[in-house]
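Here is a friendly note to read with the model open beside you. Take the points in order and find each residue on screen as you go.

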Amino acid sequence: MSPAQAPNEPNRRQDATQRSRELRASQRIAVGTLARSAGEIVAKVASLVFYIALARELGQGLFGDFIFGMSLSAVLFTGAGLGLNELLSREVARDARRVDDLFWNIVAIRWLGLLVLPAIVAIIVALKGYSAETAAAIVVISIGVGLDFQSNTLFAVFQGLERNHHVATSLIV
C-alpha cells in the first residue's frame with residue numbers, strides 16, 4: 001500500500017460502517033412498518049367481524065346506541081389527547097433516555113382524562129334521556145375507549161424506539 005492511500009483507508013472503513021448502520025436502520029424501519037401494517041390489517045378485519053356479529057345480536061337500535069357511545073368517547077378522548085403521543089414518539093426518537101420522564105407524565109395526564117371523561121359521557125347520556133341500562137353501557141364503552149387510548153401511549157414509545165413489531169403483536173392479540 002502506498003503512503004498516499006494509507007490516510008484514505010480509515011475514511012473508507014468509516015464510510016462503509018456508516019452505510020452499514022444506515023442500511024440496518026432502513027431495514028429496521030421497513031420491517032417495523034410492514035409488521036405494524038400487517039397487525040393493523042388483521043386488527044381491522046377482526047373488528048369488522050366483531051361489528052357484524054354485534055349488529056346481528058343487538059339489532060338496529062341497540063347497535064346504534066353502541067356506535068353512539070364509541071363515537072362520543074372517541075371524540076372526547078381524541079380531543080383530550082393533546083397531541084401527547086406524537087410528542088412522546090418524536091422526543092423518544094430523538095433521545096431514548098427521555099422515555100422515563102415523558103412516559104409517566106403522559107400516563108398521569110391520560111389517567112386524569114380517564115377519570116373525568118366518562119363522567120362527562122354520563123352527563124351527556126343522562127341529558128339525552130337514555131335508559132339507565134343503556135347509559136351505563138355507554139359509560140362502560142367510554143371507559144374501554146379510554147383504556148384503548150391509554151395503550152396508544154405505549155405504542156408511541158415503541159414507535160419512537162423503532163419497535164413497531166410490538167405494536168403489531170398487541171394489535172393482533
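1. Start with what lies over helix α2. This is a predicted model, and in it the cover over the buried residues of α2 includes α3 (99-127) and α4 (132-160).

2. Which residues of α2 are buried? In this helix, which spans residues 84-94, they are Leu-84, Asn-85, Leu-88, Ser-89, Glu-91 and Val-92.

3. Now turn to the pairing with α3. The axes of α2 and α3 are 10 Å apart, and the packing angle is about 175 degrees. Angles over 145 degrees count as roughly antiparallel, and α2 and α3 are therefore roughly antiparallel to each other. On the α2 side, the contact uses Leu-84, Asn-85, Leu-88, Glu-91 and Val-92. On the α3 side, you will find Val-99, Leu-102, Phe-103, Ile-106, Ile-109 and Arg-110. Sorted by class, this contact of α2 with α3 has 8 nonpolar, 1 polar and 2 charged residues.

4. How are α2 and α4 arranged, parallel or antiparallel? Their axes lie 7 Å apart and the helices pack at an angle of about 25 degrees. Angles under 35 degrees count as roughly parallel, so α2 and α4 are roughly parallel to each other. The crossing of these two helices is right-handed.

5. Look next at who meets whom in that pair. From α2 come Asn-85, Leu-88, Ser-89, Val-92 and Ala-93, and they meet Asn-152, Thr-153, Ala-156, Val-157, Gln-159 and Gly-160 in α4. By class, the contact of α2 with α4 has 5 nonpolar, 6 polar and no charged residues.

6. The largest nonpolar core has 10 residues: Leu-84, Leu-88, Val-92, Val-99, Leu-102, Phe-103, Ile-106, Val-107, Ala-156 and Val-157. Helices α2, α3 and α4 are the elements that each give two or more residues to this core. Which helix gives the largest share? That is α3, with 5 residues. One member to click on is Ile-106, which touches Leu-84, Leu-88 and Thr-153, leaving aside residues up to four places away in sequence. Another core, of 9 residues, lies apart from the largest one, and Leu-54, Phe-63, Phe-66 and Ile-141 are among its members.

Notes. Residues numbered from 1 in each chain as written. Predicted model: local features only at pLDDT ≥ 70, side-chain atom pairs only at ≥ 80, totals over all residues. Heavy atoms only, no water. Buried < 20%, exposed > 50% of the residue type's maximum accessible area, 1.4 Å probe, protein only. Helix = DSSP H or I, 4+ residues; strand = E, 2+ residues; numbered from the N terminus. Contact = heavy atoms within 4.5 Å. Axes fitted to C-alpha atoms, helices over the stretch in contact; angles between N-to-C directions. Parallel < 35°, antiparallel > 145°, perpendicular 65-115°, else oblique. Left-handed = near helix turned anticlockwise from the far one by under 90°. Nonpolar A, V, L, I, M, F, W, Y, C, P; charged D, E, K, R; others polar. Core = buried A, V, L, I, M, F, W, Y, C linked by side-chain atoms within 4.5 Å.
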